[in-house]
Amino acid sequence: KLKFIMGPCKPSRFSQETKKLTKGIASLSKAKDDLKADYEREIATIDSRLEELQMEEDLSKKKIGSYVVPSPCDPLIEKERERLNDKKQDSSEEYEEDLQKLEKKLSYVKMQLEKVQKAKEE
C-alpha cells in the first residue's frame, strides 16, 4: 500500500530518512539535557542566594536576653526572599512547559522513525 502511494522507493531514501530522524532524536535529547542542566543551575543559584539571605538575616538580628530585636533590614530581606521564591516557581513552571514541548517533538520524531522502518521492511 505504502509503496504504491510513495512510488518505488530506493533503499537509499529509507536510509537517508532514517539518518535524518536519528539525528533529530539525538539533537532533541541533547536539547532536553541542556534544558535540565540550565534549570538545575538556575535553581541552585536561587537556593544559594536564599541561604545568603538567611545568613544576613541571622547576623542582623540582635538578642537582648531572650528578646530578639528586629533589624531595619528585615522587610527588605523578606521582599527579596519572596521575589526569589516567585522566580523559582516561575522557572519550574517554564521548565515543565518547555520539557513537555520537547517530549512531544521527541515522541513525534520517534513515531516517524518507526513508520519509516516499517515501510522499509515491507
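Visitor: Which residues is Leu-21 in contact with, leaving aside its neighbours within four places in sequence?
Guide: Leaving those neighbours aside, Leu-21 is in contact with Val-109, Gln-112, Leu-113 and Val-116, where contact means heavy atoms within 4.5 Å. This is a predicted model, in which local features need pLDDT of at least 70, side-chain atom pairs count only at pLDDT 80 or more, and totals for chains, interfaces and linings use all residues. Residues are numbered from 1 along each chain as its sequence is written, and side-chain values use heavy atoms, with hydrogens and water left out.

Visitor: How many residues has the largest nonpolar core?
Guide: The largest nonpolar core has 13 residues, and Leu-21, Ile-25, Leu-28, Leu-35 and Val-109 are those with the most contacts inside it. Such a core is a set of buried Ala, Val, Leu, Ile, Met, Phe, Trp, Tyr and Cys residues joined through side-chain atoms within 4.5 Å, and buried means under 20% relative accessible area, with a 1.4 Å probe and protein chains only.

Visitor: And which element gives the most to this core?
Guide: That is α3, with eight residues; helices are DSSP runs (H or I, at least four residues), numbered from the N terminus.

Visitor: Changing topic, is Asp-74 buried or exposed?
Guide: Asp-74, which has its place in helix α3, counts as buried because its relative accessibility is 17%. Not counting residues up to four places away in sequence, Asp-74 touches Glu-57, Ser-60 and Lys-61.

Conventions:
Helix = DSSP H or I, 4+ residues; strand = E, 2+ residues; numbered from the N terminus. Buried < 20%, exposed > 50% of the residue type's maximum accessible area, 1.4 Å probe, protein only.
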